[in-house]
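Biologist: Can we walk through this one together? I'll ask, you answer.
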Amino acid sequence: MTDLNVAKNNLEGHTICLCRDGNCLFSEKRGISPMMTFIADGIDLAGYSVADIVVGKAAAMLFVKCGIKQVFAKTLSQSGKRVLEKYGIHYEYETLTDKIINRAGTDMCPMEKAVFEVDDPETAYSVLKEKLRLMSASSNLT
């Protein structure tokens, strides 16, 4: 069984599953938080395959930054698909959508907006890190 199949088979009950050579990492955090945590923790994800609930451009950029080799998305955005294609990452999906919507369902996902015009994975990571910091700071004010 391929790493991607193992990741897909183990996604149930999680928001993301990453597998390489029988080693699987899981998270129940939402959005890009799992990938941002793995990166911050210094976990080497090169060569892993990923199964994720939602993959937009922000997540796709993080996958590129980490050296992910294959992606399965329950929902994949057009911009996420373009990033994966540009960097030669094999992908599969159940649903292809124009854009990822925020949790309130009222606008585009703030992470997608943050990297809308970013084409470099390292820059995307920096932009996303700052966006999360600002969102966290503003939520602590309320």
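Biologist: Is Asn102 buried or exposed?
Modeller: Asn102 is buried, because its relative accessibility is 18%. Buried means under 20% relative accessible area, exposed over 50%, and partly exposed in between, with a 1.4 Å probe and protein chains only.

Biologist: What kind of model is this?
Modeller: This is a predicted model: local features need pLDDT of at least 70, side-chain atom pairs count only at pLDDT 80 or more, and totals for chains, interfaces and linings use all residues. Residues are numbered from 1 along each chain as its sequence is written, and side-chain values use heavy atoms, with hydrogens and water left out.

Biologist: Back to Asn102. Where is Asn102?
Modeller: Asn102 is in the loop between β5 (90-97) and α5 (110-114). Helices (H or I, at least four residues) and strands (E, at least two) are DSSP runs, numbered from the N terminus.

Biologist: What does the Asn102 side chain reach?
Modeller: The backbone nitrogen of Gly105, at 2.7 Å.

Biologist: And which residues is Asn102 in contact with, leaving aside neighbours within four places in sequence?
Modeller: Asp107, Met108, Cys109 and Pro110. Contact means heavy atoms within 4.5 Å.

Biologist: New topic. What volume does the largest pocket have?
Modeller: About 560 Å³. A volume is the space filled by probe spheres set on the grid points, which are joined across faces, edges and corners. On a 1 Å grid over the protein atoms alone, a pocket is an open set of points with protein on both sides within 12 Å along at least five of seven lines; lining residues have an atom within 4 Å of a point.

Biologist: What classes are in the lining?
Modeller: The lining of the largest pocket has 14 nonpolar, five polar and five charged residues. Ala, Val, Leu, Ile, Met, Phe, Trp, Tyr, Cys and Pro count as nonpolar, Asp, Glu, Lys and Arg as charged, and the others, Gly among them, as polar.

Biologist: Take α3. How many of its residues are buried?
Modeller: Nine of 10, so α3 is mostly covered. Among the buried ones are Lys57, Met61, Phe63 and Cys66. Just after α3, Gly67 takes a positive phi of about 80 degrees.

Biologist: And which residues of α2 are buried?
Modeller: Pro34, Met35, Met36, Phe38 and Ile39. Gly42 follows α2, with a positive phi near 75 degrees.

Biologist: Which residue has a positive phi although it is not a glycine?
Modeller: Asp21, at about 50 degrees. Asp21 lies in the loop between β1 (16-20) and β2 (23-27). Asp21 counts as exposed because its relative accessibility is 70%.

Biologist: Last one. How many aromatic pairs are there?
Modeller: One. Tyr91 and Tyr93 are stacked, 6.3 Å centre to centre with 15 degrees between the planes. Rings of Phe, Tyr and Trp (its six-membered ring) pair if their centres lie within 6.5 Å; planes under 30 degrees apart count as stacked, over 60 as edge-to-face and the rest as tilted. Tyr91 is partly exposed at 21% relative accessibility, and Tyr93 is partly exposed at 35%.

Technical notes: A polar contact is a pair of N or O atoms within 3.5 Å; within protein, one must be able to donate a hydrogen and the other to accept it, and residues adjacent in sequence count only if both atoms are side-chain atoms. On a 1 Å grid over the protein atoms alone, a cavity is a set of points where a 1.4 Å probe fits but cannot get out, and a pocket is an open set with protein on both sides within 12 Å along at least five of seven lines; lining residues have an atom within 4 Å of a point.
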